[in-house]
Amino acid sequence: MQLYFFISLTIFCTYGYSKTDAPLGYQFRLPVPFENSLGSRAFLMENNETKPSFKVGMSVEPVSGKYSCSLQVFLGDVKVWSSGHYSKFYTSKICVLELSRDGDLRLKGPKGRVGWRSGTSGQGVQKLQILRTGNLVLVDALGRIKWQSFNFPTDVMLWGQRLSVASRLTSFPSNSTSYYSFEIEPSRIALYLNSGKWNYSYWEFKPTENRNIAYIQLGPKGLELFSYNQKKIAQIHPSDEKFQFQPMRFLALGNQTGNLRLYFYSPSMSKFDASFQALNATCDLPLACKPYGICTLSGACSCIQLMPTENETGTSTSTTASDCGRGISSGGFCKGGKKTKVEMRELKGVTSVLRGGAKIANVSKEECGNLCFEDCNCTAALYSSAKECFIYGMVIGVKQVENKGSGLLSYMVKVPRGGHGGHGKSNLKKWVLILVGVVDGLIILLVFGGLGYYLVRKRRRHSLPNGHSN
């Protein structure tokens with residue numbers, strides 16, 4: 001979900017703006033701004049049966065020095081659907097929206113180049129229409145839907161929208177090669193972090209009694225799960241009573257955090273507020289820290305230092321929390337299919353929020369570590385007291401846990417051989433615990449230091465004569 005505010009040219013189309021539909025032959029041309037412009041937008045249709053209203057618009061947005069054109073649906077200021085969510089259409093000079101005479105909805109650039117289409121030519125389409133639910137549809141003369149935006153979900157699910165098993169929402173954080181997904185599976189709904197061939201879940205919700213899910217639907221009271229006989233088998237709703245009488249308007253998968261939230265509209269505040277979120281702690285978010293970072297108990301990020309770097313005097317300098325992966329090449333530990341010189345290091349007092357990696361049962365901790373060591377694609381392994389071993393292809397989503405019960409988990413990281421001076425496993429354990437403790441310790445020191453400074457100043461102030469201050 002994103003809020004867009006275009007400071008530059010915003011075009012409000014006069015033709016059809018107050019209408020909810022556009023006929024065959026409809027065409028609108030949106031100029032592409034000059035270089036370094038912030039972009040432009042034209043609102044074409046509106047359905048004001050709800051407050052705030054749904055609007056259909058065309059947007060031209062700057063992306064890495066180019067301009068992307070897309071057809072979009074907005075609920076108030078919130079973009080809830082876009083034709084360019086998965087694949088962007090880059091154009092120059094002009095972008096044209098056209099509902100052709102044969103019923104195909106298209107976005108075109110110069111010389112008639114088609115960048116996006118509905119694929120509905122020859123199906124009897126008569127008009128483009130925005131419904132009161134926010135569903136953008138192409139319908140025939142009898143009102144039958146031939147194409148609809150609800151069948152192509154992005155990162156938002158609207159009230160009344162239905163998603164069946166194997167459907168998903170996706171969102172793409174900026175400056176990252178990973179992306180989030182909210183997926184509907186037969187036994188559960190789950191949030192995933194996806195990166196290349198790797199995909200790991202970090203939150204799930206299951207119906208009781210192992211009942212299977214056929215589809216989900218956003219109702220006024222929350223997210224509803226249904227069985228194949230269309231019986232509601234579970235529901236996610238706000239736990240706070242003050243939100244229970246606020247009708248849900250949409251569900252969104254956050255672009256930056258990957259958190260799942262339910263939103264209602266507050267007329268008094270004229271804005272949308274979240275009434276439910278799947279994850280409430282910062283460290284439970286998969287990208288709370290950069291790769292090879294640890295999210296500490298205070299919510300700050302600390303590095304799993306892989307290999308010390310040396311300055312000109314020969315002393316070691318640690319990496320920052322924004323560059324924790326220094327020392328690992330872009331190709332990881334696989335070079336031409338061969339293993340590089342590595343070793344496994346055990347980290348006590350930490351775990352991973354990610355689940356769903358390769359799972360091996362009935363193995364020892366040593367065997368678990370060796371399985372990762374022998375696989376050049378493996379970067380970390382998590383071992384539990386249930387003799388379960390989880391293999392990971394990336395070091396992300398790592399967080400510190402309380403000492404109580406932390407011995408039940410063992411997180412092992414693959415590092416270049418010789419990292420940390422090669423002093424052995426026990427030295428790494430000590431280093432990690434100290435490193436994680438340093439961040440929290442600094443915070444505590446600052447708090448108590450500030451309190452002490454305040455008390456000293458207060459005592460000195462009371463010892464001065466009236467009318468004077470320090």
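This is a predicted model: local features need pLDDT of at least 70, side-chain atom pairs count only at pLDDT 80 or more; totals for chains, interfaces and linings use all residues.
Two strands count as paired if DSSP finds at least two bridges between them, and strands themselves are DSSP runs (E, at least two residues) numbered from the N terminus.

Residues are numbered from 1 along each chain as its sequence is written, and side-chain values use heavy atoms, with hydrogens and water left out.

Four strands make up an open sheet in the order 3-13-14-15, and their pairing is antiparallel. Strand 3 (21-23) and strand 15 (145-148) sit at the edges with a single partner strand each, so one side of each has no neighbour in the sheet. On average, neighbouring strands here are turned by 20° against each other, direction ignored; the axes behind that angle are lines fitted to C-alpha atoms, and angles run from 0 to 180 degrees between N-to-C directions. Strand 14 (residues 136-139) runs antiparallel to strand 15 and is joined to it by three bridges. If you want a residue pair to look for, Leu138 has Trp147 in strand 15 as its bridge partner.

## The largest cavity

How many cavities of 30 Å³ or more does the structure hold? There are three. A cavity here is a set of points on a 1 Å grid over the protein atoms alone where a 1.4 Å probe fits but cannot get out, and lining residues have an atom within 4 Å of a point. Grid points are joined across faces, edges and corners, and a volume is the space filled by probe spheres set on the points. The largest cavity contains about 60 Å³ of space.

Among the residues that line the largest cavity are Trp81, Phe150, Pro153 and Gln161. Strand 8 (78-82) and strand 16 (156-158) each contribute at least two residues to this lining. Sorted by class, the lining has seven nonpolar, four polar and no charged residues. In this scheme Ala, Val, Leu, Ile, Met, Phe, Trp, Tyr, Cys and Pro are nonpolar, Asp, Glu, Lys and Arg are charged, and the others, Gly among them, are polar.

## Disulfides

The structure has six disulfides, each a pair of cysteine sulfur atoms within 2.5 Å. One of them joins Cys283 to Cys295, with an S to S distance of 1.9 Å. Its S-S torsion is about -75°, so this disulfide is left-handed. Cys283 lies in the loop between strand 27 (271-277) and strand 28 (293-295), and Cys295 in strand 28, so the pair ties together parts that are twelve residues apart in sequence. For burial, the cut-offs are under 20% relative accessible area for buried, over 50% for exposed and partly exposed in between (1.4 Å probe, protein chains only). Cys283 is buried at 12%, and Cys295 is buried at 1%.

Cys289 and Cys301 form another disulfide, with sulfur atoms 2.0 Å apart. This link is left-handed, with -90° about the S-S bond. Cys289 lies in the loop between strand 27 and strand 28, while Cys301 belongs to strand 29 (residues 301-303), so parts twelve residues apart in sequence are tied together. Cys289 is buried at 8%, whereas Cys301 is partly exposed at 28%. A disulfide also joins Cys372 to Cys378 (S to S 2.0 Å), and both of these cysteines are buried.

Key. On a 1 Å grid over the protein atoms alone, a cavity is a set of points where a 1.4 Å probe fits but cannot get out, and a pocket is an open set with protein on both sides within 12 Å along at least five of seven lines; lining residues have an atom within 4 Å of a point.
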